[in-house]
Amino acid sequence: MLEADNRRPGAVALAVAGYFLLCIVLRISVSSSLEIDEAEQAFLSQFLELGYGPQPPFYNWLQYGLAKLIGTSLATMTILKNGLLFLFCLFYGLAARLVLPDRRLAAVAMLGVLTLPPVFLLAQRDLSHTVAALFTVSLFLYGFLRTLKRPSLFSYILTGVAVGLGLMAKYNFAVVPLAAIIAVLPERELRARIFDWRILPAIAVAALIVLPHAYWMLQNLGFASGGTLNEMREREAEGRLLQAFYGVYSLGSAIVSGSLVPLLVFGLVFGGKLRAIWQAESQWSRIVGRMLGLCLIAVLIVVLSVAATHVREKWLVLFLVLIPLYLCLKIEAANIHFADSLRRFFLLVSVIAVGALVIVSARAVVRPWFGDYSRLNIPYAAFAEAVVQAEGGQPALILANDKQIAGNLRTQFGEAQVTMPRPSNALPVDGSRRPLLVVWHDDAQPEAPVPDLLRDALSALGIPEAAVAPRHLALPYLYGNGPDRYSFSYIWIAE
């Protein structure tokens, strides 16, 4: 397939599209229950807000729009995620074609991003905002490289749109355009692109995209920034020096784990020519190499400045995604005949991507054999069906005590509004809607009493404690083993 890419430019793109279509089919087929990010998106897709919490809202806005068009379901969430991943690969390939004369090598770069663990593994398990950010990074690369190669007002505006959307997808995206600008400055003939008047409308477009959320963020700065910073400070250490050590060590480990697979794949395929590849250089390999290095240096500065002791691999993927393009540029600069290596590269990527997909998809079926259950095994669909049969109708309002239950029931009862009694989730719902379904779960007590949080919320709705009569359902797990059951507790209030 890859050998024919110069004659059939869309062949590799079709193969990648087929892979993501397989991702959609397997995810929908395995379980209708949701992972953590999926449940959060299902819950938040009820509302269109300028901000939702510690993550920018671009992915939420896309999910809201899709939910309005075709409804909230596992299918809509899976289509959005894998659709963005396909567009990420597509624009990455288009960006590679701008700087790689041989389209076969550009196809290698596009396939190379499928060797990044957050792409072939973590995204198929449970990612959302990172997926949107990957798309915006590839869109930015395409617009930026097009501006350097063939500058036009359109290319500058496209780059500005990508920057605006990127900042709305992940805050750490801001490092990418800054690194790109600095990386170009040493190249005399390209430096003028940075100081071209057309960069002003690009900045204006990016600012217009960011402005509404920026206003919200200024009003909710602690809420918007606290989650990630707290997670980065996961490990307490005594003294600044020890904190710096843990932070640098965690960053180094994340870089190694995030880049090891693509480096191994390229090493296995082009292993006999590594010295020539390492020594080769071109203008474009210098620019992309500088971008990669500057991004990682920026992360190191952030880690040291905020005393972070924990860095997650998925936070770095926006920067490590430059590795396949950088390696392909080095291969092109080395003038290596690589036609014989293409089939091997395609096979290796296929084994990694499809193999990981099968493993991720099979876990819901295999883990129960060993008495180990995941969120995919929780029988939300069976619970929804049992409630409808027992109560004789569907709820109009659902009150849950955690986002996992709330999101899952949102997909099961598409016409109901779902809410939770927490200030951070005090999004607009009509509390007078009936019937009202109140749901909770307690691992320690199969027949758990009403949690205080829900009891207070019911009291605020004017529902007396005497009207609260909990009911309990113990249902078999999806793919469950023998007598194992998952317990739901609920209250049904018809009037």
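Biologist: Which side chain meets Glu281 in a salt bridge?
Modeller: A salt bridge here puts a side-chain nitrogen of Lys or Arg within 4 Å of a carboxyl oxygen of Asp or Glu. For Glu281 the N to O distance is 3.3 Å, and the partner is Arg286.

Biologist: Quick note on the ground rules: this is a predicted model, with local features needing pLDDT of at least 70 and side-chain atom pairs pLDDT 80 or more, while totals for chains, interfaces and linings use all residues. Numbering runs from 1 along each chain as its sequence is written, and side-chain values use heavy atoms, leaving out hydrogens and water. So, is Glu281 buried or exposed?
Modeller: Buried means under 20% relative accessible area, exposed over 50%, and partly exposed in between (1.4 Å probe, protein chains only). Glu281 has 53%, so call Glu281 exposed.

Biologist: How many residues apart in sequence are the parts tied together by Arg363 and Glu35?
Modeller: Their closest N and O atoms are 2.9 Å apart, and both residues are buried. Helices are DSSP runs (H or I, at least four residues), as are strands (E, at least two), numbered from the N terminus. Arg363 sits in helix H18 and Glu35 in the loop between helices H1 and H2, so the separation is 328 residues.
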